[in-house]
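Let's take a walk through this structure together. Have the sequence and the coordinates open, and follow along as we go.

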Amino acid sequence: MNDSIVKILEGRGIKPTSIRILVFSEMLKFDRAFSLGDLEKVLLSIDKSTISRTIHLFNDKLLIHKFDDGSGSIKYSICQENCDCDANDYHLHFYCNYCKRAFCLESVHAPKIKLPDDMEIEGINFVIKGYCGKCDKIAT
Ligand SMILES: [Zn+2]
Ligand SMILES: [Zn+2]
């Protein structure tokens with residue numbers, strides 16, 4: 001397990017320190033997007049500023065991407081192996097209004113957008129809101 005994590009980190013140009021390996025292995029356990037607070041809860045042995053710095057490094061190196069699901073806390077999700085986070089890779093996200101979890105919709109791409117010449121895209125934040133499979137089951 002650790003070997004493959006080391007490979008993934010190195011593949012993104014990140015020096016695989018033991019703390020980074022630990023943080024990334026916790027990220028892999030989420031089946032949904034996570035916030036800084038979610039990570040702090042499962043990484044009690046690591047101080048918050050270290051977790052926050054590690055998240056920013058991972059984000060800069062395109063290991064993870066962030067988006068705003070409108071819940072008030074920024075969410076992060078691990079990028080696909082071949083993702084460069086350029087405009088072609090932008091995908092939509094889904095936010096469940098009931099369990100408050102957010103997910104990547106990797107197969108649903110953002111539409112191509114033609115902007116006026118003097119404007120440049122730096123990020124796209126499409127969030128679809130509804131209920132997820134789990135909450136659907138509870139409702140019926
Ligand atoms: Zn839900
Ligand atoms: Zn995503």
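In which sense do β3 and β5 pair, and over how many bridges? This is a predicted model, and in it the two strands run in the parallel sense, with four bridges between them. One of the residues to look at here is His93, whose bridge partner in β5 is Val127.

Now step back to the sheet around that pairing. It is an open sheet of three strands in the order β4-β3-β5, and its pairing is mixed. The edge strands are β4 (102-109) and β5 (127-130), each of which pairs on one side only. If you ignore direction, neighbouring strands of this sheet are turned by 30 degrees against each other on average.

His93 also leads us to a metal site. The zinc ion (ligand 2) is coordinated by the NE2 atoms of His65, His91 and His93 and by the SG atom of Cys104, at 2.0 to 2.2 Å. The angles among these four donor atoms are 102 to 114 degrees, and the site is tetrahedral. For comparison, the ideal angle for four tetrahedral donors is 109.5 degrees. Along the chain, the donors of the zinc ion (ligand 2) follow the spacing H-x25-H-x1-H-x10-C. His65 lies in strand β1 (residues 64-68) and His93 in strand β3 (residues 91-96), so this pair ties together parts that are 28 residues apart in sequence. His65 is buried, with a relative accessible area of 9%, and His93 counts as buried too, at 4% relative accessibility. Both calls follow because buried means under 20% relative accessible area.

Which residues hold the zinc ion (ligand 1)? Here the donors are the SG atoms of Cys96, Cys99, Cys132 and Cys135, at 2.3 Å. Why is the arrangement called tetrahedral? The four donor atoms around the zinc ion (ligand 1) subtend angles of 102 to 118 degrees, which makes it so; the criterion is that all angles lie between 85 and 135 degrees.

In sequence, the donor residues of the zinc ion (ligand 1) are spaced C-x2-C-x32-C-x2-C.

Terms used. Residues are numbered from 1 along each chain as its sequence is written. Chains are lettered from A and ligands numbered from 1 in the order in which they are written. This is a predicted model: local features need pLDDT of at least 70, side-chain atom pairs count only at pLDDT 80 or more; totals for chains, interfaces and linings use all residues. Side-chain values use heavy atoms; hydrogens and water are left out. Donors are N, O and S atoms within 2.8 Å of the metal (3.2 Å for Na, K and Ca); water is not among the atoms, so sites may look incomplete. Four donors count as tetrahedral if all angles lie between 85 and 135 degrees; four count as square planar and six as octahedral if opposite donors are over 155 degrees apart and all others between 65 and 115; anything else is irregular. Buried means under 20% relative accessible area, exposed over 50%, partly exposed in between (1.4 Å probe, protein chains only). Two strands pair if DSSP finds at least two bridges between them. Axes are lines fitted to C-alpha atoms, for helices over the stretch in contact, and angles run from 0 to 180 degrees between N-to-C directions.
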